[in-house]
Amino acid sequence: MGYPYSHEKEVPILSEHFGDPEARTLEGWQKRGGYEALKKALGMSPDAVTEEVKASGLRGRGGAGFPCGLKWSFMPKDSGKPHYLLCNADESEPGTFKDRELLRWTPHQVIEGCAIAAYAIGAEQIYIYCRGEFFEATQVLATAVEEAYEAGILGEDAMGSGTRIDVTVHVGAGAYICGEETGLMNSLEGRRGLPRVKPPFPAAVGAFGMPTTINNVETLAAVGHILKNGAEWYRQWGTEKSPGTKLFCVSGHVKKPGNYELPLHFPLSELIYDVCGGIRDDNELKAVIPGGSSVPLLSAEEAMSCHLCYEGVVEAGSMLGCASVIVMDHTTDIVRQVRRMAYFYMHESCGQCTPCREGSAWVVKILKRIEEGRGTEEDLDTLMEVTDQMVGTTICVLSDSVAAPVQSSIQKFRNEYLALIRRGERVGVA
Amino acid sequence: MAENGQNTETVTLTIDGRTVTVPKGTTILQAAEELGTTVPHYCYHAGLSSPAMCRLCLVEVEGAPKLMPSCVTQVMDGQVVHTESESAERMRRGVLEFYLVNHPLDCPICDQSGECKLQDYVHQEGREHGRSREPKRIFGRDDFGGDVLFYGDRCVMCTRCVRFMTEVEQKPLLTVVERGNRSVIDTFFEQGLEEAEWAGNVVDICPVGALVSKDFLHKARAWDLDHAPSVCPSCSQGCNIDLHTRDNLVQRLKPRANLEVNQYWMCDYGRGHYEWMNRGDRLEAPVVRESDRSVAMGWSEALEALKTRLQAASGGVKAVVSPYWSNEDIGAVVDLMDALGGGEMVFRSPRAEDESVLPGFPNLARRRDLAPNTTGLAALGASRVGDDGARGGLEDIDAHSGVLIVLGDALVDVTEGFAESAELTVYLGAFESAALADADFALPITTFAEQEGTFTNHEGRVQRFWPGLQAPGAARPAWLVLGALAGAISDHEAPIRADEAFQTLRGRSSLFEGLSYESLGTRGARAGEPATVSGD
């Protein structure tokens, strides 16, 4: 059930117990079928667990959508080295608030998924890297980990299986870039949170230089359900390329913002107008960011025909990302919005790569000037070209995240920029 | 696998249409280097790790979805690389434009101007005009301590300096503070580079004018400097250096790459000890004491007179030589002593209490032995006397009744009337000295900075140096003067070129066995070891 609102079209699997404080406790969780999946997994071979997840087609929920089982299968066998599983709970993408809810309502769901994944990849040690600002979620998670240890679910003999599974909750200091997988590893190791050059990929050289798999909280939360009910069961929702359900974090100008768990390939229009109760004051829709602020904006028209699955959103001209839907009505000042997003990325750029470090700040300066009514039409060309130089030229994709909203907004809302540049007209400002 | 355990597997690839075969594990940037193609770069430095963050060395690799950082991408068989394709050049133009968004463009007052990689690359292939018209970010200037001054606005954030301190000197005194566009290199609070002993290298490896030397600040423009390959005279390590000179003065010393001796580095101690090369109190003409007066004269006349006096002398020869003079100079002293029937040779040299090792390359240290050629001197038969301050130990010399030859040692600690008992005192030196009062012959010679020659370092490596300064007045290399004398006395041909003087060393010590002046090249060699080509 969605939180704080729910809707009949939801398929509450991961979110079934959102809002239910009893599900937070070990006892309550076990009453709700918890840790059955882990027990089942521990009775299978690690490869069989991986195969099951592979067959389910579960894709990474952190944004890139990389097939989860495939990622696990990259882990070396018999490497003789310690393996690590990292759970990425550094949820920082503006507009995203699903992992926080998963952690604070169903911490055992996440721990269970982590334990299954760790077993599958041969890791004894799990690190759950929590965003620094997640005070409540971290508290709840830490308590749950303690409970799980006391019950023998974690520890040197996890559920009596003879397998050691340890969980360490690590709290970050609140940098966006530490949510980037290799930046997270550096941060975990006590270094600056700078993304690393790939290759080598984490499965070869990851945290502490050892083979590592890193998964998003929501991905791992789904793993337990897949193991318990089977890959085929999971595939009853969504499409061939995007099976299963997904938490959609809807924010912005809708009547009922919040988390909704829906089957993938759900129509965006239905999400806005039905599930979320429509736009506030029944205003006109202007734009939607479908996957968190780092993906291109969709115009109202594009949004209306968009289906929320990985391939569907790409078709519409954007990306599903982590399914953080930001809805903007006609009162929205797009220039200001985009400047605000670019400012975020400028502020959060780690500063390693020149295009990102210099480009993001330059873009913000131009946008600010335009916003203040001192822009020129050439500025729009400059913005397009400068952001073009920022795509695909850096170690991680933060740089691309600056380019996406800037380029898409200039392409789709050029008039709004021009109104500001030519006549000083700003949307939403009398 | 070769016998020495090194992997000799090779990989053949094509770079800009030319084929090259390199050892497996080589990076594209290094492979391009083999072909003489320099892929522009800032963060990459051969002596440091590669973070691949400047994004300037991106090249097109056929089949790769994106441009690849050539500094960390290893070569693969059959790989086809384009460093000058349209996409690679467009990307470089873009990155260079980014570098200039906040750069102050203060080249007219920047010490790096003329040897600045930002200047070079932008002139090579940057945009004619940058498109930014925004106000620039301003960091200002910061004193990092030691000899290092930081101009934050010029910084390209390559972090070479941070990595040098962390990886090579292994005293992490520099770091990047803040994030993103606010990133700036800084020291830790009040702790600066004072306690570093190799921090001068961060000035060398800074590709722009962000880190500059206080000593060199605004002293000379890079294009006005002449560079002479040389060897650092401040300890027995023998770091390969360049003398940077202008107006016949050494303006600064810079390390010269030699992977065997000093890699790319030199210590702050050696870097800072060059002012003596510029001393103005020079001996400029041969001066001969005739009964109660001293007479300046030309070389022919002076040497003729000296030859006569030497031939008439009877009491044997003793020599005090200086380890700051070359193998050839000392060899010529030996030649002269031989011509006069043999003698004894001593030297005094300063020593530090301990070594200062560079942790990232432990073969490199500021050695205890603070003179460049004690090994050469010892090999040629000189014995060390005196204390660690290069004083004392000359009691025997003082009482010597025969011929006394002093080469280079300023005899700063001797009192008036030194060597009064000597029959004949010949002083060959570069600078004014109190000892001159007692000399029968005072002959002006050149320092290592004004002549060609070789030093032998602590491990017996013989390394050549070249003159960076013009000799003052009539000063000549000691080997030329002494060689002429020895030749005249024993009636053989005297060396008139440095290589001929070097030839005379062969047979004097096994350290010179099998070495030829030519084959020493710019990086030197050790007897019995094949000459290696390394560095750069």
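## Getting started with chain B

Helices and strands here are DSSP runs, at least four residues long for a helix (H or I) and at least two for a strand (E), numbered from the N terminus. On that count, chain B has 13 helices and 26 strands. Keep in mind as you look around that this is a predicted model.

The C-alpha trace of chain B spans about 85 × 50 × 40 Å along its principal axes. Chain B has 536 residues, and 50% of them count as buried. If you take the contacts in chain B between residues at least 6 apart in sequence, 63% of them join residues at least 24 apart.

## Where the two chains meet

Chains A and B touch each other, with 25 residues of chain B in contact with 25 residues of chain A. Which part of chain B gives the largest share of its side? That would be helix α2 of chain B, residues 86-101, which supplies six residues. Sorted by class, chain B's side of the contact has 14 nonpolar residues, six polar ones and five charged ones.

## A three-stranded sheet in chain B

Now look for an open sheet in chain B, where three strands line up in the order β6-β7-β10 with antiparallel pairing. The edges are taken by β6 (141-145) and β10 (211-213) of chain B; each has a single partner strand, so one side of each is left without a neighbour in the sheet. From one strand to the next, the twist averages 30°.

Strand β7 of chain B, residues 148-151, pairs with β10(B) over three bridges, in the antiparallel sense. Find Leu149(B) and you'll see Val212(B) of β10(B) standing opposite.

Val148(B) also belongs to strand β7 of chain B. Is Val148(B) buried or exposed? It has 26 other C-beta atoms within 10 Å, and the cut-off for buried is 20 or more, so Val148(B) counts as buried. Setting aside neighbours within four places in sequence, Val148(B) is in contact with Leu193(B), Ala199(B), Val202(B), Val203(B) and Leu211(B). For a sense of scale, pick out Ser300(B), 152 residues from Val148(B) along the chain: their C-alpha atoms are separated by 49 Å.

## A covered helix: α4 of chain B

Helix α4 of chain B runs over residues 160-168 and is mostly covered, with seven of its nine residues buried. Those buried residues are Arg160(B), Cys161(B), Val162(B), Arg163(B), Phe164(B), Met165(B) and Val168(B).

## Another buried valine: Val59 of chain B

Val59(B) sits in strand β3 of chain B, residues 58-61. This valine has 27 C-beta neighbours inside 10 Å, so Val59(B) counts as buried. Beyond the neighbours within four places in sequence, the contacts of Val59(B) are Ile28(B), Val39(B), Leu67(B), Met68(B), Ser70(B), Val81(B), His82(B), Thr83(B) and Ala88(B). Glu84(B) is 25 residues from Val59(B) along the chain, and their C-alpha atoms are separated by 7.8 Å.

## Over in chain A: an enclosed strand

Strand β5 of chain A covers residues 245-252, and seven of its eight residues are buried, so the strand is largely enclosed by the rest of the structure. One partner of β5(A) is strand β6 of chain A, residues 258-263, which runs antiparallel and is joined to β5(A) by six bridges. A hairpin of five residues connects β5(A) to β6(A), and Leu247(A) has Glu261(A) in β6(A) as its bridge partner.

β5(A) also pairs with strand β11 of chain A, residues 324-329, this time in the parallel sense over four bridges. Here Cys249(A) stands opposite Ser324(A) of β11(A).

## Two packed helices in chain A

Last stop: helix α14 (residues 334-348) and helix α15 (residues 354-371) of chain A pack at an angle of about 155°, their axes 9 Å apart. That angle makes α14(A) roughly antiparallel to α15(A), and the crossing is left-handed.

On the α14(A) side, the contact includes Val335(A), Val338(A), Ala342(A) and Met346(A). Facing them, the α15(A) residues include Ala361(A), Val364(A), Leu367(A) and Lys368(A). By class, this contact has eleven nonpolar residues, one polar and four charged.

Conventions:
Residues are numbered from 1 along each chain as its sequence is written. Chains are lettered from A and ligands numbered from 1 in the order in which they are written. This is a predicted model: local features need pLDDT of at least 70, side-chain atom pairs count only at pLDDT 80 or more; totals for chains, interfaces and linings use all residues. Two residues are in contact if their C-beta atoms, placed from the backbone, lie within 7 Å. Ala, Val, Leu, Ile, Met, Phe, Trp, Tyr, Cys and Pro count as nonpolar, Asp, Glu, Lys and Arg as charged, and the others, Gly among them, as polar. Two strands pair if DSSP finds at least two bridges between them. Axes are lines fitted to C-alpha atoms, for helices over the stretch in contact, and angles run from 0 to 180 degrees between N-to-C directions. Angles under 35 degrees count as roughly parallel, over 145 as roughly antiparallel, 65 to 115 as roughly perpendicular and the rest as oblique. A crossing is left-handed if the near helix is turned anticlockwise from the far one by less than a right angle, and right-handed if clockwise. A residue is buried if 20 or more other C-beta atoms lie within 10 Å of its own, exposed if 12 or fewer, and partly exposed in between; C-beta atoms are placed from the backbone.
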